Amino acid sequence: MKRLSIRVRLTFWYGVVLAATLIGCGVIVYVMADYGLIEGVDHGLGGKYEEIAEWIENGTDVDEIAGPAGTRRQQYLLRLKTPDGVTLVESEALHGIEGVEPSEAKQSGSPAYFMASLAGSRRHRFLSGTVRNSQGDWLVQIGTPLEQYERELGELRFVLLTVLPVGVFAAVIGGYWLAGRALQPIHRITETTRKITAQNLAERIPVANHDDELGRLADTLNAMIGRLNHAFDAMRQFTADASHELLTPLTAMRTETEVALRADRPAEHYRRVLTSILEEVERLTKLADSLLLLSREETRTIQLCREPVQLDEVIRGVVEHAAVLAEAANVRLEVGQLATATVEADVDCLRQVFFNLLDNAVKYTEPGGLVTVRGHATESEATVEVSDTGIGIPAESLSHVYDRFYRVDKSRSRQMGGTGLGLSICKALIERHGGRIEVESVLGKGSTFRIILPRSQ
């Protein structure tokens, strides 16, 4: 069954459910028709029985009783016995047949209905009972053939056994056609999706109705394709940026090496060349480490050693190390009020985040400028702000500052040895800790990066 198409399976189960429903309805109709027909026969027998019982109770002459019954011999059979067991009236079809009624009907004191087969296996319906008058208990048996009852039931069986299979077959054919029509949009979705490749991720699946199930499926696939398109664009951009970042120092190293090898140079010249190459190697190493860290973070292969950490103590420790950078750049580094707050975090990751933020703040602040670290806390969150009076970030660049290799001032960043990955690393590590990072900036006046982490409960 699993190898069959959805269309065939839908049609099969539709046919099974429909057949079961129709068979159930047919059985109910047949039973109700049987009950209704028997009830009609019993009603006729009961009326005739009451009429004869009334005549016996009133002492009507036997000839008068046999007379009305005799006029209806084609419809009713009658047997009438006196209290002494003498048969006074008996239809011709009952001659010589004593055991017409079952034993339980004989033992019953009230009239009882029962079935009996007479000569030729013809089935009859009987009503048998005793009627008491001044002479004693009279046995009254009245019956009628069930030919019409059986004929009508036979016609109903023929209709049910003929119409139901034909109806089920027609419904299955119609269901197969309807299933094809219903699944046609899926075929269109399949064909359109099959045509979408990495080269045309901008193409989308047409949606006829956004409110039905297939429309929501198409919208979901379109959203997925959009995310893939964004991921491919980011990957292409990342590849181009990484290639450029790697090519620049490699080109510089190759150029300086080729120039140094063209002729004999003084030892001091070779020393300067090797020093320059070493700087480029260190920059490449830093870039490779940052890329490796981001890759491991994306694949969740970095195991965070979380433990309760006093956030203010970590910040003060990072500020002591960053003070050397600030002093070298002639930038003042101040620590404002810091709230005492405990967070569940990896200490090394937090130190790297805050050092990157302080390093950026110092790099992009002019000599004589100010970098300030302050913080506050609520019952559920701890916030740390790193502000500077540097060059600031244009409004159109604020949404891109966490992109890999993105630089607001590319020439200045390269001169300072930046890789363009620091903020990307900060964002990834903070989000890994369940926090978030925000930025506010005014061009020419400075920037503020805000780290928000959940407090330990």
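1. A residue counts as buried when its relative accessible area is under 20%, as exposed when it is over 50%, and as partly exposed in between. Glu 381 has a relative accessible area of 28%, so Glu 381 is partly exposed. This is a predicted model, and the values below are computed from it.

2. Glu 381 forms a salt bridge with Arg 436, with 3.1 Å from N to O. Arg 436 lies in strand β11 (residues 436-442) and Glu 381 in strand β10, so the pair ties together parts that are 55 residues apart in sequence. Arg 436 is also partly exposed, because its relative accessibility is 36%.

3. The pair belongs to a network of salt bridges that links Glu 381, Glu 385, Arg 436, Glu 438, Glu 440 and Arg 450. In the whole structure, a search finds 16 salt bridges.

4. In helix α5 (residues 213-261), Arg 254 and Glu 258 are four residues apart, about one turn of the helix. Their closest N and O atoms are 3.0 Å apart. Arg 254 is exposed, at 59% relative accessible area, while Glu 258 is partly exposed, at 36%.

5. Helix α10 (residues 422-432) holds Lys 427 and Glu 431, again four residues apart, or about one turn. Their side chains meet in a salt bridge of 2.7 Å, N to O. Lys 427 is partly exposed at 28% relative accessibility, and Glu 431 is partly exposed at 42%.

6. How many cavities of 30 Å³ or more does the structure hold? There is one. The volume of the largest cavity is about 60 Å³. Its lining includes Leu 311, Asp 312, Leu 338, His 376 and Thr 383. At least two lining residues come from each of α7 (311-328), β9 (370-377) and β10 (381-388). By type, the lining has eight nonpolar residues, three polar and one charged.

7. On the surface, Leu 4, Val 8 and Tyr 176 make up a nonpolar patch, with about 230 Å² of accessible area together. Leu 4 sits in the segment before α1 (6-57). Leu 4 is partly exposed, since its relative accessible area is 40%.

8. One backbone angle deserves a look. Most residues other than glycine have a negative phi. Asn 330 is not a glycine, yet its phi is positive, at about 60°. Asn 330 is in the loop between α7 and β7 (332-335). With a relative accessible area of 51%, Asn 330 is exposed.

Technical notes. Residues are numbered from 1 along each chain as its sequence is written. This is a predicted model: local features need pLDDT of at least 70, side-chain atom pairs count only at pLDDT 80 or more; totals for chains, interfaces and linings use all residues. Side-chain values use heavy atoms; hydrogens and water are left out. On a 1 Å grid over the protein atoms alone, a cavity is a set of points where a 1.4 Å probe fits but cannot get out, and a pocket is an open set with protein on both sides within 12 Å along at least five of seven lines; lining residues have an atom within 4 Å of a point. Grid points are joined across faces, edges and corners, and a volume is the space filled by probe spheres set on the points. Ala, Val, Leu, Ile, Met, Phe, Trp, Tyr, Cys and Pro count as nonpolar, Asp, Glu, Lys and Arg as charged, and the others, Gly among them, as polar. Patches are made of residues with over 30% relative accessible area and no salt bridge: like charges are joined within 9 Å, nonpolar side chains (Val, Leu, Ile, Met, Phe, Trp, Tyr) within 5 Å. Accessible areas come from the Shrake-Rupley method with a 1.4 Å probe; for residues, only the protein chains shown count as cover. A salt bridge is a side-chain nitrogen of Lys or Arg within 4 Å of a carboxyl oxygen of Asp or Glu. Buried means under 20% relative accessible area, exposed over 50%, partly exposed in between (1.4 Å probe, protein chains only).
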